[in-house]
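Here are my notes on the model you sent. Please read them with the structure open beside you.

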Amino acid sequence: MTRVAVLDGIGSCLPPRLVTNDELAARLDTSDAWIRSRTGIRQRYVVTDGTGTSDLAVGAGSRALKSSGDPHADTVVVATTTPDRPCPATAPAVAARLGLGHAAAYDVAAVCTGFLYALATASGLIALGVSARALVIGAETFSRILNPDDRSTSVIFGDGAGAVVLRAGSPDEPGALGPFELRSDGEGRDLITVPAGGPPPADPAAGPGAADYYFTMQGKKVFRLAVQRMGECARAVLDRAGRRPGDVDRLVSHQANQRIIERLADEIGIPYERTVSNIARVGNTAAASIPLALDHAHTERVLRPGDRVLLTAFGGGLTWGASMLTWPAIDPV
Ligand code: ACO
């Protein structure tokens with residue numbers, strides 16, 4: 001029988017510090033009205049006191065394991081753009097703190113598409129028999145790489161983490177993941193970037209300046225591409241699954257902008273009422289965005305067992321991807 005990855009648990013973690021649009025408008029040339037109307041975001045959460053990506057990842061991971069009813073996993077994958085350090089990866093520390101012994105542990109860097117890339121690689125390990133239970137986490141502390149004076153990025157991103165547990169199962173059971181589509185276009189690598197952070201320059205005087213360590217995004221160009229690319233690969237996944245847009249009960253796309261979610265639904269041919277959105281509450285949390293949206297929708301019973309769910313994301317790289325599953329019965333933690 002074909003062996004595939006099946007979703008078996010879910011959890012998330014947000015840092016306690018809430019930042020409203022009005023708080024940002026008090027120090028930047030922006031307004032609550034602009035942020036809400038252009039992005040749909042009303043607030044976001046940010047880390048304080050040295051909290052790192054691994055701390056949020058441990059919080060989300062432990063809740064996901066608890067919801068699955070089994071504290072074990074032999075593989076931990078952390079999708080992140082904001083690792084605690086450039087070296088080593090964040091996942092081994094997360095696995096150790098979760099008491100997962102010598103579990104295989106690695107990070108995936110695909111910016112906002114990172115969670116889907118991580119989900120696909122973990123699913124591959126399960127299909128191969130390398131892994132029996134994998135913990136897949138999307139975790140970010142974008143607030144650490146935002147230029148506090150840049151209104152075009154500061155208002156958009158928030159911190160957080162979401163996680164799922166995957167187990168081995170069969171393709172016809174609820175929670176079975178697939179098919180997957182993963183794509184990239186490095187020609188667009190400068191559209192979403194943190195320019196500095198590589199090896200130290202030979203001539204420190206010619207090296208990167210302080211501003212080069214901040215995240216930058218050419219939002220207008222990215223907006224159009226995000227709708228187009230997510231639409232293409234979401235349709236490819238539907239075709240490979242032998243499904244039509246009308247078969248989708250819930251579209252859970254990367255939470256980059258409420259206007260992107262609306263246009264994407266239109267582009268694929270899915271009624272807007274079937275989209276899932278938590279961007280008003282948490283902003284764009286990059287690799288954490290899809291698992292956070294899934295966990296919030298699950299907890300609020302927007303997602304119901306048996307719902308056919310289409311996932312798609314787009315981010316820096318450029319990278320994009322899509323997948324599908326039928327939502328399984330999982331007890332909220
Ligand atoms: N407050 C007030 N005005 C602002 C702000 C702000 N926070 N930010 C920009 N503006 C101004 C601009 O300066 C510009 O002014 P001008 O017309 O005088 O030049 C005007 O608003 C319009 O700016 P745009 O950049 O064209 O604004 P837009 O409507 O495109 O919204 C946004 C910007 C929200 C970034 C949007 O382009 C977007 O969501 N892009 C896609 C993001 C995305 O999909 N990212 C991919 C994943 S993220 C990742 O991978 C990490």
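Predicted model: local features only at pLDDT ≥ 70, side-chain atom pairs only at ≥ 80, totals over all residues.

1. The open sheet. Five strands form an open sheet; the pairing is mixed and the order is S1-S7-S6-S4-S5. Strands S1 (4-13) and S5 (104-108) are the edge strands: each has a single partner strand, so one side of each lacks a neighbour in the sheet. From one strand to the next the twist averages 20°.

2. Pairing at the S5 end. Strand S4 (residues 75-79) runs parallel to S5, and 5 bridges join the two. Strands of a sheet pair through backbone hydrogen bonds, in either a parallel or an antiparallel way.

3. A helix on the sheet. Helix H3 (residues 53-68) packs on this sheet, where H3 touches S1, strand S6 (133-140) and strand S7 (160-169). The direction of H3 makes about 125° with that of S1.

4. The S2 and S3 pair. Strand S2 (residues 17-20) and S3 run antiparallel and are joined by 4 bridges. Val19 has Arg44 as its bridge partner in S3. In a regular strand, side chains alternate between the two faces of the sheet. In strand S3 (residues 43-46), Gln43 and Tyr45 point one way while Arg44 and Val46 point the other way. Are these four residues of S3 buried or exposed? All are buried.

5. The shell around the ligand. The ligand is surrounded by 29 residues, and the closest are Thr30, Arg38, Cys112, Lys220 and Asn257. Which elements each supply at least two residues of this shell? They are helix H2 (32-39), helix H6 (151-154), helix H7 (219-240), helix H8 (258-268) and strand S12 (308-315). H7 gives the largest share, 5 residues.

6. Thr30 places a polar side-chain atom 2.6 Å from a nitrogen atom of the ligand. For Asn257, a polar side-chain atom lies 2.7 Å from an oxygen atom of the ligand. Gly316 takes part through its backbone: an N or O atom there lies 3.0 Å from a ligand oxygen atom. On its own the ligand has 1,000 Å² of accessible area, and the protein covers 75% of this.

7. Gln255. This residue sits in the loop between strand S11 (250-253) and H8. Why does Gln255 count as buried? Its relative accessibility is 1%, and the cut-off for buried is under 20%. The side chain of Gln255 reaches the backbone oxygen of Val276 at 3.2 Å, and a polar contact of 3.4 Å joins it to the side chain of Ser277. Leaving aside residues up to four places away in sequence, Gln255 touches several others, including Ile261, Asn278, Asn284 and Ala293.

8. Thr82. The loop between S4 and helix H4 (91-97) holds Thr82. Thr82 is buried, with a relative accessible area of 2%. A polar contact of 2.7 Å joins the side chains of Thr82 and Glu140. Residues that Thr82 touches, apart from those up to four places away in sequence, include Thr53, Phe142 and Arg144.

9. Two cis peptide bonds. Cys87 and Pro88 are joined by a cis peptide bond with omega about 0°, and Pro88 is in the loop between S4 and H4. The bond from Gly317 to Leu318 is also cis, with omega near -10°. Leu318 is found in the loop between S12 and strand S13 (319-326). Please look at the local geometry at each site.

10. Of the 11 residues in helix H10 (residues 289-299), 10 are buried; among them are Ile290, Leu292, Asp295 and His298. In the loop between helix H9 (279-282) and H10 lies Ala286, a residue other than glycine with a positive phi near 55°. Ala286 is buried, at 0% relative accessible area. Just after H10, Arg301 also takes a positive phi, about 60°, although Arg301 is not a glycine. Arg301 belongs to the loop between H10 and S12.

Methods: Residues numbered from 1 in each chain as written. Heavy atoms only, no water. Pairing = 2+ DSSP bridges. Axes fitted to C-alpha atoms, helices over the stretch in contact; angles between N-to-C directions. Contact = heavy atoms within 4.5 Å. Buried < 20%, exposed > 50% of the residue type's maximum accessible area, 1.4 Å probe, protein only. Near = heavy atom within 4 Å. Polar contact = N/O pair within 3.5 Å; in protein donor to acceptor, adjacent residues only side chain to side chain. Areas by Shrake-Rupley, 256 points an atom, 1.4 Å probe, with all protein chains shown as cover.
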